[in-house]
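Please keep the sequence and the three-dimensional view at hand while reading.

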Amino acid sequence: MANTTSASRSRTAAASRSNIASLERTVEALQRTVLLIAEANAVPNLLANGFEEISMKLEPLRNLSPAVAPMRPPAARILLQLRRDLDRPDWSLDGDRELREQLLHEQY
Amino acid sequence: MIQQLVRRLMMAPPGMSRNDAAHAVLTADPLDLFLHVEQVWSAFNPPPGAAPPLAAPARTALAGGGRFGGAGVVPPAGARAWDHLAYSYVLENTRVVQILRRVVQEFRSGERIGLAHVDTQRWLDATEALLFGSANPFARWLSSSSIRPDSEAQRRNAYFREMGVELAFGTEDNQPPSYVKAEAHNGSFVPLFEELLFELWQAIMNVRNLVGANSQDNDRIYRLAEALQYELRARRLFEALDREELAAATVLGWAELTFSYNSPVISDTGSEGTNEATRLINLGSKVNMAPHSKSSSMFSMAAEISLFLRAIEAGVVSGPEFAWVLYLEAPPPGAPAGAPAPIGAESRRVITEWAAATGRDLKNRAKPVETSRRQLVRVQ
């Protein structure tokens, strides 16, 4: 009798583990499906709600900033002169001869 | 001064590539460089009645015979074609001059750090003359008399007088520096400067803020800029400190150009790198002297802090309605054609790098404004 009960318990535990694993797989599959649906419908959802239209209407606001007084001509001349006086070469790597040589070297 | 010379060589007919122009300067005869410094000073052309007087005819004629005396290479009349003293200060804080001193010593006394090719030998001649006072006919630019024997001490004195600041290191052997600390100096420069940078950051954050809570304060920016202008100009009355500024800009401009690309001395010592700070670290390791750990920030803001403070000193912001010049990056809509670009990009660079170099948070107040006090401070 005792042996029968023990075997029965063992079968029940194995079935539970199997059920839990099956449930986990189902939940994972559902999660993947939900993500796929959300991604697939993200753009249509936005379009359906008129987001594009609203965005286009708001676009000009990007360049909106508080009005400021223009520089006075003498101050503008001084600033131009300062920029001219202190003009210097650009030593960042853009367009640098060494960078071009390096890229050529890497290419071959 | 040196970087501007490279730029003029690139622009003047027939034109040169950037690296060729830099190479021409770094391998030039030191006398040609001194003659050009003389021409830069003469072009500045102080207003009538201001001291010092214009260069004498003989000096002017001599200067015109230099390699860099051609049309388009000499700055136009009235140009102050050299960087602000703050440029020299931030660059000198990297310890670049002391490292170069050791490099010259090593090359002049042996072959431990490498063999100097011809180009590097020319660079050594000019470095020894420009930075360390070997004989030249225009000693006026260096503190080579018995009264001011040490050019580094002279620059320390100028930094202290103009900005109330000291270099982050002592002498080459890590002893306290010895120089004259003038009684008249701008001790409140740094607090004013950092407060202005804080306010400019608030303004930058709120440039496009039209509806939310806005901490931009144009009036305060104007007042801080004005206070800085008065303070900086107070040390410059009657052209005071201008010659020292030009001498410092020449020395540190030379050092900066040396590290701006893989120049002959960098190549000969195997100190190549991708930017100035890396090359300086590499060269410093050859001569057993580590540069400042924030050297990258120092190099990155040198040019910008120069223009920033020049604009402040020139009084470009003459009212709260013009405070935007310090924080916008492009001329506002409706600006006339040819209007100069405001210096917002430079301000932003200075805020970022000054905060990184000093470790101070310029974007938040260390202590909130006290609102519980309901009375003005009592008059003592």
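## Chain B as a whole

Chain B contains 15 helices and zero strands. Here helices (H or I, at least four residues) and strands (E, at least two) are DSSP runs, numbered from the N terminus. The model is a predicted one, in which local features need pLDDT of at least 70 and side-chain atom pairs count only at pLDDT 80 or more, while totals for chains, interfaces and linings use all residues. Residues are numbered from 1 along each chain as its sequence is written, and chains are lettered from A and ligands numbered from 1 in the order in which they are written.

Of the 380 residues in chain B, 43% are buried. A residue is called buried if 20 or more other C-beta atoms lie within 10 Å of its own, exposed if 12 or fewer do, and partly exposed in between, with C-beta atoms placed from the backbone. Two residues are in contact if their C-beta atoms, placed from the backbone, lie within 7 Å. Among the contacts in chain B with a separation of 6 or more, 71% are between residues 24 or more positions apart.

Helix H11 of chain B covers residues 242-260, which is 19 residues. From its first C-alpha to its last it reaches 25 Å, close to the 27 Å expected at 1.5 Å a residue; the expected span is 1.5 Å times one less than the number of residues. H11(B) is mostly covered, with 17 of its 19 residues buried.

## The packing of H1 and H2 in chain B

Two packed helices are described by the angle between their axes and the distance between the axes. Helix H1 (residues 2-11) and helix H2 (residues 18-26) of chain B pack at about 125 degrees, with their axes 9 Å apart. Axes are lines fitted to C-alpha atoms, for helices over the stretch in contact, and angles run from 0 to 180 degrees between N-to-C directions. H1(B) and H2(B) are therefore oblique to each other, since angles under 35 degrees count as roughly parallel, over 145 as roughly antiparallel, 65 to 115 as roughly perpendicular and the rest as oblique.

H1(B) contributes B:Ile2, B:Leu5, B:Val6, B:Leu9 and B:Met10 to the contact, and H2(B) contributes B:Arg18, B:Ala21, B:Ala22, B:Ala24 and B:Val25. By class, this contact has nine nonpolar, no polar and one charged residues. Ala, Val, Leu, Ile, Met, Phe, Trp, Tyr, Cys and Pro count as nonpolar, Asp, Glu, Lys and Arg as charged, and the others, Gly among them, as polar.

## Backbone features in loops

B:Pro14 is found in the loop between H1 and H2 of chain B. A cis peptide bond, with omega about 5 degrees, joins B:Pro13 and B:Pro14.

B:Arg95 is not a glycine, yet has a positive phi of about 75 degrees. B:Arg95 sits in the loop between helix H5 (85-92) and helix H6 (96-109) of chain B and is buried, with 21 other C-beta atoms within 10 Å. B:Asn288, also a residue other than glycine, has a positive phi near 60 degrees. B:Asn288 lies in the loop between helix H13 (276-286) and helix H14 (295-313) of chain B and is exposed, with 9 other C-beta atoms within 10 Å.

Chain A has four helices and zero strands. Buried residues make up 8% of its 108 residues.

The contact takes 22 residues from chain A and 35 residues from chain B. Helix H3 (73-85) and helix H4 (97-107) of chain A each supply at least two residues of the side that touches chain B, and the largest share, eight residues, comes from H3(A). This side of chain A has 15 nonpolar, one polar and six charged residues.
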